[in-house]
Amino acid sequence: MSNAQINFLKGLRRKKMLVATFQILILIAFFGLWEVASNLGWIEAFIFSSPSRMWRMLLSMIERGELLRHIWVTGGQVIAGFVLGTVLGVVIATCLWANDFTRRVLNPYLVVFNALPKTALAPIIIVWMGNNPRAIIVTALLISVVVTVLNVLTGFVQVEEDKVRLAQSFGASKGQILTKVVFPASVPDIINALKINIGLSFVGVIVGEFLVAQAGLGFLIVYGSQIFRMDMVMLSIIILCVMAAVFYLLTSLAEKFFCGWSE
């Protein structure tokens, strides 16, 4: 490589390190200011908690063996809702793409159902399915599946018509067009649907845990608020943020892999 290319790559690495440094500094400053405000009485620690109180709560829950169990419960339900919502959404989008008449008939219903605040359906789902983890997973599934269908279907429909016609001119079947043309071209749309589904799956699971769970981070949030242990509530929220960040990172890694494969 030339000196210009080497200097350019060094500049990119320095820029990435600078961005990461500022991100870490902002996080440290946020928690530091929070702790100072709590210690100096600027905010009421009993109501707003503090990093030191949350740290003690974290150590206490780890010693009692409770925290990992709650994380495992919520994480497992999120993964189940996420996978089911994604797979079912892609399958439905594929079926609608293959049948133009059905797509036109169902499109307004999909739009209306997508606009519906689906968390309002959670109590109905719990009544139908009972007080069990399946009701929580179904809640997460319903929240994410319609968004997946709409995003993936939009990607399928917007594939360049010239590519489809070229495949048809060579005698390709509809299945071959899907697997060789449409699906590879829609990988970015599917990845975007995955990123959206992460947040929606967390929303569905936490809403379900608010209502029926006996374990999980959503249960800890409700239980902590009922007994006025805000350190437990804030700790649970921060753990949820960390889990969501990990899921998003894994999806970003999948995006790099599959987008490179599709090219």
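Predicted model: local features only at pLDDT ≥ 70, side-chain atom pairs only at ≥ 80, totals over all residues.
How many salt bridges does the count come to? The count comes to four.

**Stop 1: Arg64 and Glu66.** Select Arg64 and Glu66 and show their side chains. The two form a salt bridge, with 3.0 Å between the closest N and O atoms. Arg64 has a relative accessibility of 45%, so it counts as partly exposed. Glu66 is partly exposed as well, at 26% relative accessible area.

**Stop 2: Asp100 and Arg104.** Move on to helix 5, residues 100-115. Both Asp100 and Arg104 lie in this helix, four residues apart, which is about one turn. Their side chains form a salt bridge whose closest N and O atoms are 2.8 Å apart. Asp100 is partly exposed at 33% relative accessibility, whereas Arg104, with a relative accessible area of 62%, is exposed.

Asp100, Arg103 and Arg104 are linked in a network of salt bridges.

**Stop 3: Arg229 and Asp231.** Select Arg229 and Asp231 next. This pair also forms a salt bridge, and its closest N and O atoms are 3.1 Å apart. Turn on a surface here and compare the two partners. Is Asp231 buried or exposed? Asp231 has a relative accessibility of 6%; buried means under 20%, so Asp231 counts as buried.

Notes. Residues numbered from 1 in each chain as written. Heavy atoms only, no water. Buried < 20%, exposed > 50% of the residue type's maximum accessible area, 1.4 Å probe, protein only. Helix = DSSP H or I, 4+ residues; strand = E, 2+ residues; numbered from the N terminus.
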